[in-house]
Amino acid sequence: MKFYQVFLCFISTVLCSVYLKADEGDFSVAQPVIPNRSVNLKDFGAIADGKTDNATAFKQAVDALTQKGGGTLIVPEGVWYTLPFELASNINLYLASNAKILFSPHFDDYKLKSKKYRPMLYTQDAHDIVISGSGTIDGNGSAWWPEAERFKKEANRLHLSNNTSPRPRMVQFDHCVRVRVEGVTLTNSPVFNLVPMLCEDVTIDHIVIYNPNNAPNTDGIDPSACKRVVISHCSIDTGDDCIAVKAGSPAGVVTENILVTDCAFGHGHGCSIGSETYSGLKHMIVRRCSFDGTEIGVRFKSDRRRGGLVEDVTYQDLTMRNVGEAIVISSYYQGTTTDIGSDGGTQKAQPITRTTPHWKNITVKNLKAVNGTKDAGMILGLPEMPAELITLENISIEAPKGLRMGYTQSVTLSNVQVSAKHGPVLIADKTNVGLKQTN
């Protein structure tokens, strides 16, 4: 029996399990079911020379499986150059060992219209989709990053609100149900690597994401307006947020039941929530994760233009080393914070709107951070909407500067130890109401 046939028997057994639970008490995530049949990309005329366009072969293979009711598309060893292509329902895109899907570096291959590009690997309005194996998806990002840097510098010079140049996302699922991505490596994305958007029942397990730490806006995993998402045993080292859970649905779809567990984060901006939170987020857990060299560890970010209610979130059992800031909860993303937390607060309250950031019932516990490079972090709400019901418990942070707080209500610090090399360990003024501190 050939290897891929053995693999199909194994993967069929795994994926036909209707639900996956990570730990006792976790919410259930429905798993995709893939029919036990397969096709090989080579059977559709694909050539693994790293330069022949195989987009037609990918399309024909997906169409052939769709006509049969679905199955596994085997991408064998080799470098399979391609223009953008799409997956469909009941498909498992399986990348064998030493298989690489290499996307075109040419901008015009993705352009939909002025300043808008289609994703490289896209799936829309589908169900039961898998990307699996031990191969690599490569977005040829180095072709895009110099222009992105130029665009950013010019936008900053002109003080524009958006300094991110348009680029194609590498892997995107849009309005899909029962999605699983496992085992593969994603690298060199032009911008965001993996984006489930308005999806339900998403499992991302044992994948590696790597982009150079100076590759602009190359977020690792960005679930947006999704329900029931588990991200587990992933290793992410990238040029922006390692994970950024967003709630930016114009239709008001709430992001809920998100679990990030047993992941390792290297370079990047941390395991984040935001910056779009205007459609609301609730019930999220981040646990048993490590951070090494990350700019920020625990991160909540939004502002008055894109905020909303984020509630019932727990980060626990975290280890950090050489992290810039251990904990950041901020309603001033890309805004002014220099005069908060030092002189009683000089920011003016503004009317509360549907995009006012609101952080509520947030817990961070069992966190140890050593060799911090900037400060312990900050918790900053707004004068019109304080960050409220925040609990820090069993926290140990080594950092050059202490923990800064402003515009909060009902913050509890329990067994919080901050070793600040310079200045006070806690910088909190009268904008903090109901602050409790116990050891």
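The tour visits some aromatic rings and then a cavity.

Before you click, note that this is a predicted model, where local features need pLDDT of at least 70 and side-chain atom pairs count only at pLDDT 80 or more, while totals for chains, interfaces and linings use all residues. Residues are numbered from 1 along each chain as its sequence is written, and side-chain values use heavy atoms, with hydrogens and water left out.

**Stop one: a stacked pair**

A search of the whole structure turns up eight aromatic pairs. Select F107 and W144: their ring centres sit 4.0 Å apart with the planes at 10°, so this pair is stacked. (Rings of Phe, Tyr and Trp, the last by its six-membered ring, pair if their centres lie within 6.5 Å; planes under 30 degrees apart are stacked, over 60 edge-to-face, and the rest tilted.)

Now trace the chain. F107 is in the loop between β8 (99-103) and β9 (111-113), and W144 is in the loop between β13 (136-138) and α3 (145-157), 37 residues apart. Those labels are DSSP runs numbered from the N terminus: helices are H or I with at least four residues, strands E with at least two.

Is W144 buried or exposed? W144 is buried, at 1% relative accessible area, whereas F107 is partly exposed at 27%.

**Stop two: a tilted pair**

Next, pick F300 and Y315. Their ring centres are 5.6 Å apart and the planes meet at 50°, so the pair is tilted. F300 belongs to strand β27 (residues 296-301) and Y315 to strand β28 (residues 309-321), 15 residues apart. F300 is buried at 0% relative accessible area, and Y315 also counts as buried at 0%.

**Stop three: the cavity**

The structure holds one cavity of 30 Å³ or more. (On a 1 Å grid over the protein atoms alone, a cavity is a set of points where a 1.4 Å probe fits but cannot get out; lining residues have an atom within 4 Å of a point.) The largest cavity has about 40 Å³ of space, a volume being the space filled by probe spheres set on the points.

Select its lining: V323, G324, E325, A326, A369, V370, G372, D375, A376, I397, E398 and A399. Which strand gives the largest share of the lining? That is β32, with three residues.

Conventions:
1 Å grid on protein atoms, 1.4 Å probe; cavity = no way out; pocket = protein on both sides within 12 Å on 5 of 7 lines; lining within 4 Å. Buried < 20%, exposed > 50% of the residue type's maximum accessible area, 1.4 Å probe, protein only.
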